[in-house]
Structures are given as structure tokens and as C-alpha cells.
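Hi there,

Here is the structure I promised to pass on. Could you look it over when you have a moment? My notes follow.

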Amino acid sequence: MEFKCRAPWEGLFVNPDGDLRVCCGGNSLGNLNKNSLQELLKAGPLAKLREDMLTKGSSDYCTSCHDQHQRTGKSLRDLYNEIDDELQEDKFIPKSVDIRWHNTCQLRCNYCNPEWSSAYASWKGIDIKVSETQWQDEVLQHIKDNTTRLHDIQMLGGEPLLLRENIDLLELVDDQTRVGIVTNLSVKNIEDLPVYKKLVELDHRVAWLVSFENIGDHFEYVRRNATWSLTESNYKKLKESISSPIGVHFTYTLMSAFTLVDVFDWLYSIDPNPNNNTSFISTLDHPPHLDLMNYPKEIKEKAIEQIDIVQTKYKDYINQKTAITLEALKKEISNRLKYHNIRVMKDFTKEVILLDEDHPSTFAELWPFADQIIRKYLN
């Protein structure tokens, strides 16, 4: 039978809480805070996944990939199947790794949660210890002892520039290894960070995605503890330091739908060459009070207007993937124009009270149109 995916033998994905998977799309295979890596590699869930993959070419574990392939013709398994080394069915040799060592992050973005940001956990007053150092050390050692060549490394977090374990991981990079990073790039004295310096040194082998969805005051309202001037300066500094293009990871929410044009205007002002700019737009449906789809028709029509402007103004600027994403997003919003959720909007007004307390500007001042429409529906 045709072999469908190498991930059960060569994929290593770990969340900050120690949740182990072989890819980001699959379910948990156990937790490294409860069992050692070696125990989980010999446990039933992974053994069953491997058996299914060898005998049936697939598994219930692979639902998200099946769905994605059906929609787009591509899926995450394509990345794993690029590996052309001989598969060793009796071993676990990590070649594609995505390890989120801790939830350490200096920002508390409005759409985040305690698992992914230590600053957010502190703000919510949650005493959360998402990982133990023992599993980080064991995972690093297993990679060093069992991997002769890393095919690709994905670095997320927390904030990956602040995670010391990434230095040890990057020491294993060779000329054929691809590295991807998603970073907020909002760190002071960024050029002094060992992870940053190593990534700049690797240059063209690294694909940078800088995560932001607003500029100026809107940026600072969404991304607490960050300043736009520092992030802007770091972005320009990075662009001058590397030869490869920089991408932007844009989280699409109620608070970014009306500043889409602002972001593209800024990107165009930094570098007008479409080949040097890529944008990855990710729609957010949680928490529900930030999901645009839960809001009234007037708000959605304003969001569509922003997409129309970007599509017209930058039709020769945005890459094909972004263009397809924008068109699909506009279609989804259009299909749900008549739907709105009053309960979710009430939850939003409660959350805004908390957000307004420790920021010099209020939501109503920064997003007056959305505020007025929401109030109209709630009165």
C-alpha cells in the first residue's frame, strides 16, 4: 500500500504544557509532564497510529489533514513526505520538529490565553506552570542522539526569541535544514538575544513571520506590553540584516478587520516589491467575542470594504496565497451577513471594560464605528 505520511516516525510536536504529538494537526499522544518521552514513544497510541499508517495508509489521527487536502488539494503531510531519507520503521528519528518549550512571552495580546503567554497568565492572576524542565532536557537529548539531519524546524512559543532551548536546537541546523519562526519581534535590545543572532546568521535558511495585525495605537491596544515604535524599528532592523523576505502573520479579528488597509499601506511603504513580502492571514474564532462573524451586518460590511480596498489597491502587490485567502474571507463574511450574537457582544463589552482600564486610549476612541454599532444593538 502507498505510504501516506512519515510523521509517526519523524515528526515531533510539543505544546508548552508538555502535550506530545507527531504533528500540529493531530491529537495528543500523551503528556511529557506525566510520562517520559521514551515511555510515550513505546505507548499504545503511537503504536496504533503507526500500524494504521502502514496497513491502511492513514489513521483517525489524520482527520485534519484529510479535511485540508479535500478543500485545497494540499495538507501538512506534504511537508513530511518531502523527506527523502530511508524510513526506519523501528525507530523514532525526529526530522521535522515544532517544540514550544515554554509559554514565556512578554506580551499579553487580547486574543491570547495563559497557555501561550506567561504575561497573559500573570494578568489574569492564574498561577500556571505549563512545563517542567525535565522534559525539555530529555527531548533535546533525544534529538541530539537520534537525528543525523533535521529537515525542518518550526519555532513558535510563547515568544521563540526568548526560549533558550532554541539555541541548542539551532546548533543542529545544517545546509539542508529549513527553519521557520513566528515572532512578535517586540523585544528590547533584540540584537543581543542569542536566538535572534543565530537566526540572522543562518539568514536564507530561515523563513521569518512577524506576528502583528495593526499599527500605531491600534497595535498597542491589542498587543499589551508592546510599543509600535520598537516593533517597527526591529522590523526594519531585521530587514536590513537578512537577505530573505519577511512575512507577516496577521490574526484577523474584530480589532484588526478595520485596519487591514493600514497594515498593507505600512508594508508597502517599507518595501514595495511584492516578491519581498508575504502575508499569512489567520482568522480567529476564539475567544468568540473577537470573532467578526458574531457581529452585525453593518460591521461585516465595513470589513468587506477594507478587503475590497486592499484587493484593488494592491492587486499587483499581494502574493497569490494572500489573494486567495482574502477572497475566501470576503465570501465567508458575505455568507454570514445576517447572523449576529447578542450574548457574545455583551461578553465583549465586559471584556472591553477590563482592557480600557490600563490603556491610555479606549476601544470606543480607537474603533468608534464598531463601538457605535455594538451599542446600538445592545440598547
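By a nonpolar core I mean a set of buried Ala, Val, Leu, Ile, Met, Phe, Trp, Tyr and Cys residues joined through side-chain atoms within 4.5 Å. Buried stands for under 20% relative accessible area, exposed for over 50%, and partly exposed for anything in between (1.4 Å probe, protein chains only).

Before the findings, some housekeeping. This is a predicted model, where local features need pLDDT of at least 70, side-chain atom pairs count only at pLDDT 80 or more, and totals for chains, interfaces and linings use all residues. Residues are numbered from 1 along each chain as its sequence is written, and side-chain values use heavy atoms, with hydrogens and water left out.

The core

The largest nonpolar core holds 106 residues, and L161, L199, W208, F212 and Y252 have the most contacts inside it. Helix 12 (residues 260-270) gives this core its largest share, six residues; helices here are DSSP runs (H or I, at least four residues), numbered from the N terminus. Setting aside residues up to four places away in sequence, L161 touches I181, T183, L185, I190, L193, V195, Y196, L199 and W208, where contact means heavy atoms within 4.5 Å.

Helix 13 and its partners

Helix 13 (residues 297-313) packs against helix 14 (residues 320-335) at an angle of about 160 degrees, with the axes 10 Å apart. Axes are lines fitted to C-alpha atoms over the stretch in contact, and angles run from 0 to 180 degrees between N-to-C directions. The angle makes helix 13 roughly antiparallel to helix 14, a label for angles over 145 degrees. On the helix 13 side, the residues that meet helix 14 are K300, A303, I304, I307, D308, V310 and Q311; their counterparts in helix 14 are L326, E327, L329, K330, I333 and S334.

Helix 13 also crosses helix 17 (residues 368-378) at roughly 160 degrees, and their axes come within 9 Å. These two helices are therefore roughly antiparallel as well. Here E298, I299 and K302 of helix 13 contact F369, A370, I373, I374, K376 and Y377 of helix 17.

A loop serine

Where does S58 lie? S58 sits in the loop between helix 3 (44-56) and helix 4 (63-72), and is buried, with a relative accessible area of 17%. Beyond its neighbours within four places in sequence, S58 is in contact with K4, D52, M53 and H66.

Best wishes

Terms used
Angles under 35 degrees count as roughly parallel, over 145 as roughly antiparallel, 65 to 115 as roughly perpendicular and the rest as oblique.
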